[in-house]
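Subject: Structure for your files, with notes

Hello,

Here is the structure I said I would pass on. My notes follow below it.

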Amino acid sequence: MENIFLKMEQFLLNNAWGVIIAGIIASIVGTALCYAFKKLIEFLKKKLNIKKEKQRFLKYTEGFYRGASAAYSKHSSYRQVLLVGDFLMDALFEGLKILVYLLATSIFISFSESLWIDLLLIAVCSFMIYPRYLSLRNIEKTYKQTYDYIFGEDFTEKCVKGAIETLKKKQEDANEESDTQNTKSL
């Protein structure tokens with residue numbers, strides 16, 4: 001069997017007719033692969049378009065839900081606590097999914113003996129983690145938008161300035177107390 005492959009290789013590489021036949025075979029195989037790839041792309045576009053419309057609908061309903069809950073929570077502190085809890089649970093759930101993917105990949109890598117399988121596992125894990133990461137970023141973005149809507153955009157700045165002023169006052173008071181204790185001890 002090996003002898004046949006060796007003779008074919010010698011014919012295709014060393015003979016003029018072999019080079020011509022190899023070119024014809026390569027062009028037929030390339031055309032067949034291009035046709036198959038084109039059909040695969042058309043099939044995936046059809047399937048992904050359906051999935052894309054479904055994702056668009058889910059994204060719209062989630063945005064409506066977040067907006068409606070932000071509007072209801074603007075007037076009640078109890079609803080604000082529930083809204084923050086909702087964001088925390090969503091973020092925690094997405095974070096746990098990412099950790100589970102990483103843990104499962106680590107377990108499979110520890111059992112694997114081949115470097116190529118390890119690289120394949122890492123690639124599959126990264127494709128599974130990326131949508132979860134995007135969802136986590138989306139949760140953070142909607143939380144910030146809701147927070148700004150409920151409390152106002154300058155609320156965070158006011159809180160930071162108030163914290164800095166309070167810290168400065170405490171340091172000044174601590175310095176004054178230490179000065180008075182030093183003068184009393186003298």
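In which helix do Lys39 and Glu42 lie, and how many residues apart are they? Both are in helix α2, 3 residues apart, which is about one turn of the helix. Before the rest, the basis of the notes: this is a predicted model, in which local features need pLDDT of at least 70 and side-chain atom pairs count only at pLDDT 80 or more, while totals for chains, interfaces and linings use all residues. Residues are numbered from 1 along each chain as its sequence is written, and side-chain values use heavy atoms, with hydrogens and water left out.

Helices in these notes are DSSP runs of H or I with at least four residues, numbered from the N terminus (strands would be E runs of at least two).

Salt bridges

A salt bridge here is a side-chain nitrogen of Lys or Arg within 4 Å of a carboxyl oxygen of Asp or Glu. By this rule the count is 4. For accessibility, buried means under 20% relative accessible area, exposed means over 50%, and partly exposed lies in between (1.4 Å probe, protein chains only).

Lys39 and Glu42 form one of the salt bridges, with their closest N and O atoms 3.7 Å apart. Lys39 is partly exposed at a relative accessible area of 41%, and Glu42 is partly exposed at 40%.

Glu94 has 8% relative accessibility and so counts as buried, whereas Lys97 is partly exposed at 25%. Glu94 and Lys97 are also linked with Arg132 in a network of salt bridges.

Lys144 is partly exposed, with a relative accessible area of 48%, and Glu140 is partly exposed at 43% relative accessibility.

Cavity and pocket

Grid points are joined across faces, edges and corners, and a volume is the space filled by probe spheres set on the points.

There is 1 cavity of 30 Å³ or more. The largest cavity holds about 70 Å³ of space. Its lining is made of Gln80, Leu83, Val84, Phe87, Tyr143, Thr146, Tyr147, Ile150 and Phe151. Helices α3 (77–111) and α4 (115–151) each supply at least two of the lining residues, and α4 has the largest share, with 5. By class, this lining has 7 nonpolar, 2 polar and no charged residues. The classes are Ala, Val, Leu, Ile, Met, Phe, Trp, Tyr, Cys and Pro as nonpolar, Asp, Glu, Lys and Arg as charged, and the others, Gly among them, as polar.

The largest pocket has about 790 Å³ of space. It is lined by 18 residues, and the closest to its centre are Gln55, Lys59, Pro131, Ser135 and Asn138. Helices α2, α3 and α4 each give two or more residues to this lining, with the largest share, 9 residues, from α4. The pocket lining divides into 5 nonpolar, 3 polar and 10 charged residues.

Surface patch

Patches are made of residues with over 30% relative accessible area and no salt bridge, where like charges are joined within 9 Å and nonpolar side chains (Val, Leu, Ile, Met, Phe, Trp, Tyr) within 5 Å. Phe11, Trp17, Ile20, Ile21, Ile24, Ile25, Ile28, Val29 and Leu33 form a nonpolar patch on the surface, with about 890 Å² of accessible area together. Helix α2 (residues 16–73) gives the most to this patch, with 8 residues. Ile28 is in helix α2 and counts as exposed at 55% relative accessibility. Accessible areas come from the Shrake-Rupley method with a 1.4 Å probe, and for residues only the protein chains shown count as cover.

Regards

Note on methods:
1 Å grid on protein atoms, 1.4 Å probe; cavity = no way out; pocket = protein on both sides within 12 Å on 5 of 7 lines; lining within 4 Å.
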